[in-house]
Each structure stands twice: as structure tokens, then as C-alpha cells.
2 protein chains.
Amino acid sequence: MKVVIIGGVAGGASAAARLRRLNEQAEIIVLERTGFVSYANCGLPYYVGGVICDKNKLTLQTPQSFYSRFNIEVRVRQEALSIDPAAKTVLVRRLEDGSEYTETYDKLILSPGAKAVRPALPGVDDPRILTLRTVEDAYQIQNYLEEKKPRHAVVVGGGFIGLEMAENLLHTGISVTLLQRSAQVMPSLDFDMACQVHAYLRSKGVDLRTFSPVRCYEGTQKSVRVLLESGEAIETDLVILGVGVEPDSHLARDAGLELGAKGSIVVNGRMETSVPDIYAVGDAVEIRHAVSGSKSLISLAGPANKQGRIAANNICGLNSTYDGAMGSTVIKLFDMTVASTGLNEKMAKAAGMAYDRVVTYSASHATYYPGATNLTLKTLFLPENGAVIGAQIVGFEGVDKRIDVMATAIQSGATAEDLEELDLAYAPPYSSAKDPVNMAGFVIENVRKGLVKQFHWTDLKDLFSRRDIILLDVRNEDEFQNGHIPHAVNIPLDALRSRLGELDKGRSVYVNCFSALRSYIACRILSQNGFDCYNFSGGYRFYDLIAGENGFDASPTHPCGVKL
Amino acid sequence: MKVVIIGGVAGGASAAARLRRLNEQAEIIVLERTGFVSYANCGLPYYVGGVICDKNKLTLQTPQSFYSRFNIEVRVRQEALSIDPAAKTVLVRRLEDGSEYTETYDKLILSPGAKAVRPALPGVDDPRILTLRTVEDAYQIQNYLEEKKPRHAVVVGGGFIGLEMAENLLHTGISVTLLQRSAQVMPSLDFDMACQVHAYLRSKGVDLRTFSPVRCYEGTQKSVRVLLESGEAIETDLVILGVGVEPDSHLARDAGLELGAKGSIVVNGRMETSVPDIYAVGDAVEIRHAVSGSKSLISLAGPANKQGRIAANNICGLNSTYDGAMGSTVIKLFDMTVASTGLNEKMAKAAGMAYDRVVTYSASHATYYPGATNLTLKTLFLPENGAVIGAQIVGFEGVDKRIDVMATAIQSGATAEDLEELDLAYAPPYSSAKDPVNMAGFVIENVRKGLVKQFHWTDLKDLFSRRDIILLDVRNEDEFQNGHIPHAVNIPLDALRSRLGELDKGRSVYVNCFSALRSYIACRILSQNGFDCYNFSGGYRFYDLIAGENGFDASPTHPCGVKL
């Protein structure tokens, strides 16, 4: 058996190694367009930033190591030009000298990945406007930094690469302006969760500008002028484009393979394409979202590696099925960790799901043990059965842990009751006896059982215009004086029982505190005393971050003018 | 409704607060024998060690705060003496003045906890022999340290409290001898996993002595002499007993409640005891192990808190059931983290389960990103269906995360295939594209599918005596020269394909490398070339830790004389 693999990173490299372990006799050839195989593409921003100092760490595997360890032939700097599925051949060009040859295959695995999008804007071809996808890209940026010593950079796009590049450029001492065309960075988060990221990025010195699409670029000898749709212009020494990726599926398209969303390659659960003996894996394939079931493009290393292994299994006669991805992500931003799994509100709405959500604010570990920080956890669930469908977390310590627990729970079909019951490992340096994930379960079940009704920041606009309700803040007086929701009145929680008479039972009470914990207790007191009451999800601190955003007008008349 | 709660820590405090949130009208009385309510008992060793400097952090909740926030009456320094279930009364003594009174209840919740075991050895009543369970105990030890400035301490028992006290005493500059009567510390681990903990404790300066039961204590004016069964004597300034806890169930027993294992209180899933209107929660109750289904005593804060909440739910008419605990644990030892969940080998054997296990050694995050450390993960599973039944992890960064992922997976009934498919969040600072948990799944499935056969360190004794087998070490020559398993021959993996002729096909080949990764590849090469071969689980590094243990005679004639 002869297997040809197009693309030697992540999915392709995983497939190759697994193939060899399963079949010692197969002939395995990997065609890789770049000069490197199985390189650390998720590490590239950190190489640029000097966090990873040693160039060789990015490229621990080499064609030589693949050969000596796995008896696999890796042909770098060789590009597959076309596939002939009938003849079962691939036309290959050696990039060194431009010569071409035809390679036969019994089985073909496509792992072409995705390519960085370069919007066709005027001036975008300026050599100081760069993208980051390959080792060569990283070397190019690094060389530019060393030779030209830029003092300012514009990063366009607040996705993973854009954010990691912003951090890493700042790390090398370069000032960074981050341009985001929409209301928020990190599309994996909902807007309200992204607000904390915005505030943090700004506190770290990133000049973040939302609602700032680029109109064009103008290169001068000295600099690049980035012109925004708003008419504003930014002079800079370097532009990094991080506006997304698209499947590099031209080979598949030209060979007549069925394509799906955004030009991705359609595969079944066995990672087989529509054409016999051709498999596809990685960033270029359309996969099933494990929660919504919808066809998705999820360009992440974890799924790519698993798919490569599964394709190899099936080629070697082990029956293996890929059941889809959760889209679990995590990113480090300076000391902050931001993570998500499953569906966010935008995705749940798109899937037509009748979801609800809770926002909890929990300590990363027992507060009496030094070093605890708080994390904000937003959990989406289905009210009808309590099924948990997604989670987003913003915080510092322990965020990566909780997102993996949530991913595991959601992937196993957990309900909120299951979250309540999770027996997680507790010791003061690591967690609390009621872990943040347990807490999310408790709050969801309180909502589902009708023990408390919630309201959300998006309801404030309507509430501000109503005169038949009470906005009640149950924090202490000094907290209230330092800032509060417009029109709110203050009765500290511990005084509430004795001051119930001050509240008009004819009016619904909308209660907030700092994090929604005291206000929940207040709601329990109020509802058992005959009040119709609602707990403000996320609390004042969550509101305060959102209200500080560009596009959010906090005045009582237009409180929620956020364009999402 | 009037609810009396005996015991105001963890389970009792959780129950009280939940009761109030569910029922604003109930009269709620908490009787607490110590002077403190809802205190941070898991933090006590860290207070002794000065990690938690502020005394008040241990006792953030007070009777006053319980009253003002929850309208709950906490009576500290009041001990329940007896219960009259027929009359529904509790006889209470005020410890301040010895006066007694009778309190009535409609519902009673017992949360008496467990008490530190004090073995009845001669001399054990010396005032310099202390235990740690309550805030008062912590104050007593701390006062002793300040007044007497001990230079050496003996800690008896290598469970959680013993180990945390050893670390914290060392942290204050005191030399520590840790006496363990059996072969290993941390009974939640199997012996082989504990060996790495032993080596680490010793490297940190703990004078750890296994197989060292105490015969008696002799107090002199200057010191305490600890006499071991071996005849050896240790002079010390302070002894901390950490030899375990037992349910404090005398009230329940005297009231005629049904008792279970080790004097624990029998409850059903609703946390109801055998007597109507009496509930019990926390360290004193017998619960179901969620994996084995066996009756267990699991004295941990997480389960106690959940049980308190469930008892309160049921008292207030919300139907709530406790489904049992996984026994998930985690402990910090200096910079090391040690954790476990579900069943270990000892427990699986006791439950009569036909289990198997894999030992994997994975980086905490991408190795090309700075700061990665390795963790050892032992995963137990059922070969028949791949069900994962337990995990133990020893390492540094990321151990707490992986144990919680494992706990979540196991509690949801995951199989090894589920572990393979878990879509965990990956970025270089946090994980690898194939997370250590995924890797465990891969290895288990390789074993279950027959791609590789394993052998374990416990098999070495037999293997050393056989002349019909080959012990093959596939590490590089320099690694081999630095130490290897007796009788092993060396063929580095990358040379194996070309040197297959050196091996006799008539003999089974037992292959090892450093961590079992290269030896797995070697096994795949060998088996496809017609060899009967076995991969050494855990690799040389795992063996080397075990072979260095007291009780393990590494000579070829008696390789495995470990008393377990």
C-alpha cells in the first residue's frame, strides 16, 4: 500500500505517524509545500515575541527524524499542483527548481490546512503588511523586527492570531494598535464576556479600537498609513493581518471533491471525502459541531490531530469515527486566560435553540489561601431539560481547568444537575469545596426550579423606561456610592429583612449586587415575602465592564445601543 | 419549622445557609462544639506553616455574620450530649459554664464530622503529641511553635494531614521525620505511584521512613522519644499525629441510629438516617462510592458540602438525591501536585473488578513553550468495555486540571474511546494538541485493540528468572549506559529496523524505553515482523523510582520484594 499525504503539519503528520505504527510495510510519502514538517504552528507568535527563544524548538521534527524514526519520506518544498482521482496520481512541483513529476497513490490524505485571509484592499500588498501562518512567515516577521526595529505596529483583527501577536509585539517593546471591525474581539466569546478582555487589553497598553474597519493602506517610504472607514488614519511601521483563515481547498475543488461551507472539504465520520480513496483532515474540512450538530469549520490543532489519527485508522482497517468537535479554545493574554467550549449565544441563536444562561463569578481557589483570583463563567443551558450546551470563561488562574471540565461534561451530555454533582478534587491551593463548575450547576438549577428569576444587562434599556419597577442594589453603602446602575436604590442585604417595608409590593423588584450572590439571597428573602423579583445576572461588576464599552450608551434613555 | 443542626462546619454550615435561602420562616439553630463556625479546616496546616498569615482568614464566617446575613442562630461552644428521637429533643451543654438545656426540633441534621485517631500507645498523652482537626488545634500547634521553638518534629502518618503538616513544618524551618507504618504514603495512590512522591519528599528534606510503625512514646523533660517497632528511637521536640480520622458518631449510636462501616452513620440518597426526621451529612456518614458502588467512608469537604445542600433541599420539599462520591483528591506537596479519582488498584481488587491499567508520561503543556513539566498518569479501565474506573496523577503543573477532567469523565461513565475523543482546549501555554487525558485514551485503546501487549514492573521478578525471553531497551546508547534494567540489551529505536536480525524470533521480547513511547513504536515494528513482544508500562523512569524504594530489592534474584 502506498499512501500520499498532502500537508505535513498537525493532521497530516499525525496521520503519517499513526499509519506507520499500524502498517510497517506501507510506503508513506508526505508532500509539504513549506520547508518544515510537523512544526509548532501554535507557537509561532511566541517565537516572534521572544518567549520561545530557540528557533529549533519550533521545528523539533525534521524530514530526517521522520525517516529514521518512522521510515516515512517527507518531501519539503514540494507542492501538490493537482490530483487525478481516476488515475490516482498527484502532480507535484519541486519548488527549488520548478520541475514537476507525477506521484501515484493507493490512498491519499489531504491535509492542506487553511490560509491566512488577505482582504483585497488598496495597498494591502505593501511588503510591511504581513500575515503569520508558517514558520517562514514567523522568520519573516522576526527578521523585519530585527532589521527595521519598528516602534509601532497595527494588528488588524482580534482573533487568536491577532491577539497573540498584539501581546507578543508588545512584549518586544513595540506599541500596538489593534483594529477590530466589529464590537468585540474573540468571536468565540459573546460580546458581554469580551468586554472584560477589552478592558484588560487596554490596561496592558494595547490601543484597542473596536468598530474600526480598515478602508485601505497607503505605503510611504517611512511608514504605512492605515486608513479606517471612519476617515481616521494611523501611521505605523508594520501591519499584521489577523483577519481569519479560509480552507486551502483549491486542490480538492479542482479534483471534483464535494465542498461545503466556505469552500471546506466535505468528509464523512471516517474522514473520507466524496471521492474514493481520498481522505481529508484538519483545518480544510467541514466537520460536525458536537453540540449543535451543524456543519462547521473549526480550525484548531486538537481536532486536526484526532482526525489525522482517525483517517490512518480507517486506511489500516481499524474502524474509527470522528464524532465532531466542541470548538474548545483557550488563549493566554498576558496573565489573563480566556476560554470557551460548545455554543455561545450567537451560535445557539443561529442553531435556533431555546437556551438560557447564567453568569457566575467564582474564586479560582479557596479565598483564604494566598493567590486566589476570580473568574467569570458564563454557562448556556436548555431550560427544558437542563442540558449544558456551552461555556465561556474569562479570568486568570484555573480558567483552563474549568473549560476542560466543562468541555468534558458537555461532550458527555451533562445536565446542570450533573454539574452540581461533579466530584472534583479539592484542596485550598487548587479549588473550593464548591468548584466554580459546581456553582454554575447550582445557579442553573435554582433558575430551572423557579427559586429565582433572572434579568440580564440587555433588559436594562427597557427597565430604565419603566416607572412601575424598582431597581434595588443590595451592596453595602460604600460600594453603592462608588458607582451603581442608574435609578437604583440601595438597601444593603443584611438590612433587607428589617427594611422590607420601604419597598412597594405592587412593583417588581430588580435586584443587583456586585456579583449576583448577595442579590440572589435578597431575591429569596423578597420572593418569600410576596415580592415579584429578579436577580441581575453577572451583577454590577459585569454590567460596569459592558457599560464602559464603545457603543454602549449608559445614559438612562439609550442604555444598550450596542451593535453586535 | 424548627431545624437543629449539630456541627457548624462544611456540611452543617452548607445545610444551614441553603435551608434559609429555601425557607425564610424556618427557625434554624446550629450547635457547634468548638468556638468557630464554618471555618477553613482544609486551611489549618497552612496557617501553622505561615502560608496563611492572617488568623482571621480561617474564620471568615462568625456567629454574628450568620445571624445578620441568614438569620441563623449559631451557638458555639455548645455540645450536643444526646438525642431523644421520640421526644425530638437534643440535650445540649454550654461548654462555658457546664450548664445544660434541652432543645426541641422538627428536623435534625447531624454533621458531627470525624475526629482524629489517637492510637492507644504508651506515652501518647504527652502534651507535645498533638493532632490537627479544629481551629483550636491549629492555634495550639502554632502557640507551641512560637513558645517552644522546636527544631525537630516527628509526623506520624503519611495521609493528607500528615503530608501537609510535614511540608508546613519544614516551611517554618523545622526538621521533619515522617513515619509511615506501611510501604507508602498517600493511601489514595497505588504503591508504584507513591514512589515518585517518596523520592520528591526526600529531595525536599523530609526524613521519610516507610515500614516504620511506632511502638510507644517516652516523654522526657527535654524531648519526646519516639520508639519504633524496629527498636530504633527518634528524639524529637514535637509529634504530630496524622494517622487518620474516624466518624464522630457516638450521638447517632446512642440515639439508636443505624451505623455502617467503621461506625459511620447510615443514610439513604436523601441523606436521611434510619430514624425519621434525622438527617446526617459529612465525614461521619457512610456513602456510596460512585464507581464501585460499595459503601465507603469518604471524608472530604466537597462531598460534605454537597450533602449539606441536599439534606436542606429534602427538608424543604425539593427532591434531591446524593448519588455518591468519586473520592477525588488533590494535594500540594511543595511544588508537586498529587491527585486521584475513582478507584486505584487496591480498591478495584477489593471490589473484585477485572481491571487493567496504563501509565502515561506526558508534558503539562507544549514542550516548545517554556515551563512545561511532565506528569505521570495512571489510568485504570475495564478491558471488556473500556470503561475508565480510576486515575492517579503525580506531577507539577496541570495535575489538578487533568484529575478534574478524569473525574468528570469517569463520573459520566466515560470509556477510553471517550477519552480519545475529548475535545479539550489547547494553546501552547496550557496543553498539547493531544492532551495527557487523550493520550491515556489512545494507549488504552491500543491495548484493548491488541495493537500492543503490556508488561508491568510487578512482572519483572518472573522475567528475570526466565532464559527464554529478551529484555530489550530501545533508548539511545548514552541513556542505556546511565542505568538500565538488569539483563536488558540495547538497540536504539531508530536502529531497530536494520538490526532486527540480532533478535531471536523464538524468544518473546520485553521492550522498554524511558517513558514507554519509543518502546511502543518498537513493539509495533517487532510485532509486524513476527515477534511476540510486550511494552514495559511506565518505562524505565517509572521502574527506576520503584526500584529505589525501601523494600524493593532490585537484584535479579529478588526483584520485587515489596510488601504492599
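Chain A of this predicted model splits into four parts: domain 1 (2–114 + 246–315), domain 2 (129–243), domain 3 (329–448) and domain 4 (454–547). The bounds come from an automatic or database domain assignment.

Domain 2 and domain 4 of chain A have C-alpha centres 40 Å apart. Their contact (heavy atoms within 4.5 Å) takes 6 residues from domain 2 of chain A and 5 residues from domain 4 of chain A. By class, the domain 2 side has 4 nonpolar, 1 polar and 1 charged residues. Here Ala, Val, Leu, Ile, Met, Phe, Trp, Tyr, Cys and Pro count as nonpolar, Asp, Glu, Lys and Arg as charged, and the others, Gly among them, as polar. Asp192(A), Cys195(A) and Gln196(A) supply 69% of the area that domain 2 of chain A buries against domain 4 of chain A, more than any other three residues.

The table sets this interface beside the one between the chains. Buried area is the accessible area (1.4 Å probe) that two parts lose on being put together, summed over both. A salt bridge needs a side-chain nitrogen of Lys or Arg within 4 Å of a carboxyl oxygen of Asp or Glu. A polar contact is a pair of N or O atoms within 3.5 Å; within protein, one must be able to donate a hydrogen and the other to accept it, and residues adjacent in sequence count only if both atoms are side-chain atoms.

| Interface | Buried area | Carbon and sulfur share | Salt bridges | Polar contacts |
|---|---|---|---|---|
| Chain A and chain B | about 7,300 Å² | 54% | 8 salt bridges | 39 residue pairs |
| Domain 2 and domain 4 of chain A | about 480 Å² | 74% | 0 salt bridges | 2 residue pairs |

Between the chains, 82 residues of chain A are in contact with 82 residues of chain B. Arg497(B) and Glu24(A) join their side chains in a salt bridge, 2.4 Å from N to O. Helix α10 (residues 399–411) of chain A gives the largest share of the chain A side, 9 residues. That side has 38 nonpolar, 21 polar and 23 charged residues.

Arg75(A) lies in strand β3 (residues 73–76) of chain A. Helices (H or I, at least four residues) and strands (E, at least two) are DSSP runs, numbered from the N terminus. Arg75(A) has a relative accessible area of 13%, so it counts as buried (under 20%; exposed is over 50%, partly exposed in between; 1.4 Å probe, protein chains only). Its side chain makes a polar contact with that of Tyr101(A) at 2.9 Å. Not counting residues up to four places away in sequence, Arg75(A) touches Ile29(A), Val30(A), Leu31(A), Glu32(A), Tyr101(A) and Glu103(A).

Residues are numbered from 1 along each chain as its sequence is written, and chains are lettered from A in the order in which they are written. Local features need pLDDT of at least 70, side-chain atom pairs count only at pLDDT 80 or more, totals for chains, interfaces and linings use all residues, and side-chain values use heavy atoms, with hydrogens and water left out.
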